[in-house]
Amino acid sequence: MNEEPMKRARTAPATHTANVHRSAESAESAETLDHELARLRRRRRIRLAAGLAAGAAVVAGGLFWLSGGLQAWLHDRALDSACDGALATDPVRELVGGAEVTAETRTGRDFWQCRVSEADDVDEEDGRIDLRVTVSDARDRFATFEADATDAPLGHGWTGGFAFDPDRERRGQATASVLLDCGGARGGGLIAEARARIDRADFGHPEARTDLTAVLTRTATAYARHQGCEVTEGAPVRKVGASVNAWDHEPFDSVSGSCAGIVDPRTATRWGVRTAVETAPGPKPVEGCTLGGLRGAPLYTFTASYGPALDRIARDRLEELSDRRAGDAPDGRYVLWADCRGGADRAAYVVAPIGGTLGRTSHLALDHQGLRTALSAFAERSAKAHDCTVTP
C-alpha cells in the first residue's frame, strides 16, 4: 500500500509537464495564425495600392491622349528625323518657343534646303514661323548668298557672319551665313545660309542669335557629312554680335577690329580721317572698314569679298578694274586678288573713295600711293585670316 502513493507521487510531475507543453503549443499556434492573418492583410493592401496606381496610370495616359500630349510627342519625334536627320532640333525648339512646327526638305540644282514652319500656318509664305537653312555647292557659278561687311563675325573657327539690325522694328528677323571647306581642295566647299522670320523671337537677345547660329552650323555640317564632305568644323559659338550701322562710328584712335592697322595715324590725319565704322575681328564672307570724317561722314571704304559672296557681275567689274593701265586711277579705286582653298576659291579686296563713281575723278584730294599701301595692308591681314595668298 505504501508503493501506490509513491507511484502516484512519481507520475504527477510528468502530467503537469505535458499540460505545460500543450499550453505552449496552443499559444504558438495562435501567434502563428495571427502572423499569417497580418501577412494576408498586408498583401491585400499592397494589391489594392498597385491597383490604384495602375488605375491612376491609365487615367493619366488618357489625359495625356485627350490633352494633345500624344500629338505633341509625335510632332517632337518627327522633328528629330526631319530633313534627312540633319536638322539641329534642340536650338530650333528654343527659337520657336514650344510651338508645334513641321519641317520639309526642298532640293534643286546644286542646293538643299530644310524649311521649318508652324504646324497650323495657313499661308506658309507669310506664317508666324519661317526658318530656312539652305546649303549650296560653292563651285556653282550661280551660287550666291547675302552677306555684308556690316555683319558680325561668328568667330570660334567659323568663316561666317550674322546679320541683324538692332534698330529695325521687326526683331524676329535675322540671317546667318557660313563658308564650309571640304578637305582643303581649291573650290571644294559649300556655302550655307539660315534665314529666320519668327514672330515670337527677338534676335536682339544674345541667346536667340546663338540659337540661330547653332541651327546653321550644326545643320549645314550634318548635311555636308551626309554628302561625303570632310568639313572643317569650328567650335560651338557661345556668343555672336549684331550688325553695325553707319552711325555706329567710333574715334579712329580706338579702332581694334576690321579697321585696325590699315592706315597709320599720320596718314589718317592727312586724309581727314577722324572716325571709323568696323566690326569685331574674325573671318567672314564679306569684311569691311569705313573711314570717316569728324562727325562720321564716310570718306573711304575697304571691302574684302570671298568666294560666292562676290557675285558674277561684281567680279567682272573688278576684273575690268584690274585690267586698267598701271598708275594712278582717277576714281581712286584699286583692287587686289587672292587665291584661297576650299569654298572661298578666290577673293577680291577693294578700296574706294566715297562719292565717286567707277572711272570718274573723285572729288577728294586723293593720296594714290597711300590708298594702294592701305589696301595692301588690309588685303594681307584679311587673307592671312582666311589662309589665302594675295596675288601680285
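First, some ground rules. The model is predicted, so to speak of local features we need pLDDT of at least 70, and side-chain atom pairs count only at pLDDT 80 or more, while totals for chains, interfaces and linings use all residues. Residues are numbered from 1 along each chain as its sequence is written, and side-chain values use heavy atoms, with hydrogens and water left out.

**The chain as a whole**

The protein chain has 7 helices and 14 strands (DSSP runs numbered from the N terminus: helices are H or I with at least four residues, strands are E with at least two). Of its 392 residues, 43% count as buried, where buried means under 20% relative accessible area, exposed over 50%, and partly exposed in between, with a 1.4 Å probe and protein chains only. The accessible surface of the chain is about 21,700 Å², and 53% of that belongs to carbon and sulfur atoms; these areas come from the Shrake-Rupley method with a 1.4 Å probe, and for residues only the protein chains shown count as cover.

**An open sheet**

Strands of a sheet pair through backbone hydrogen bonds, either parallel or antiparallel. Here, 7 strands form an open sheet in the order 1-2-3-7-6-5-4, with antiparallel pairing (two strands pair if DSSP finds at least two bridges between them). Strand 1 (101-108) and strand 4 (152-153) stand at the edges with a single partner strand each, so one side of each has no neighbour in the sheet. Strand 2 and strand 3 are joined by 7 bridges, and Phe111 has Ser136 in strand 3 as its bridge partner.

**Two pockets**

Rolling a probe the size of a water molecule over the atoms shows where empty space is left. A pocket is an open set of points on a 1 Å grid over the protein atoms alone, where a 1.4 Å probe fits, with protein on both sides within 12 Å along at least five of seven lines; lining residues have an atom within 4 Å of a point. Volume is the space filled by probe spheres set on the points, which are joined across faces, edges and corners.

| Pocket | Volume |
|---|---|
| Largest pocket | about 610 Å³ |
| Second largest pocket | about 470 Å³ |

Of the 36 residues lining the largest pocket, Glu146, Ala174, Thr175, Glu193 and Arg195 are the closest to its centre. Strand 7 gives the most to this lining, with 6 residues. Thr175 sits in strand 6 (residues 173-181) and counts as buried because its relative accessibility is 14%. Residues that Thr175 touches include Glu193 and Arg195, a contact being heavy atoms within 4.5 Å.

In the second largest pocket, 18 residues form the lining, and Leu321, Ser322, Arg324, Tyr334 and Val335 are the closest to its centre. Strand 12 gives the most here, with 4 residues.

**Strand 13 and its partners**

Strand 12 (residues 334-339) pairs with strand 13 in the antiparallel sense over 6 bridges, and Val335 has Val350 in strand 13 as its bridge partner. In the hairpin of these two strands, with 6 residues between them, Gly342 takes a positive phi near 65°. Strand 11 (residues 298-306) runs antiparallel to strand 13 and is joined to it by 7 bridges. Strand 13 is largely enclosed by the rest of the structure, because 7 of its 8 residues are buried.

How values were computed: Lists of a residue's contacts leave out its neighbours within four places in sequence.
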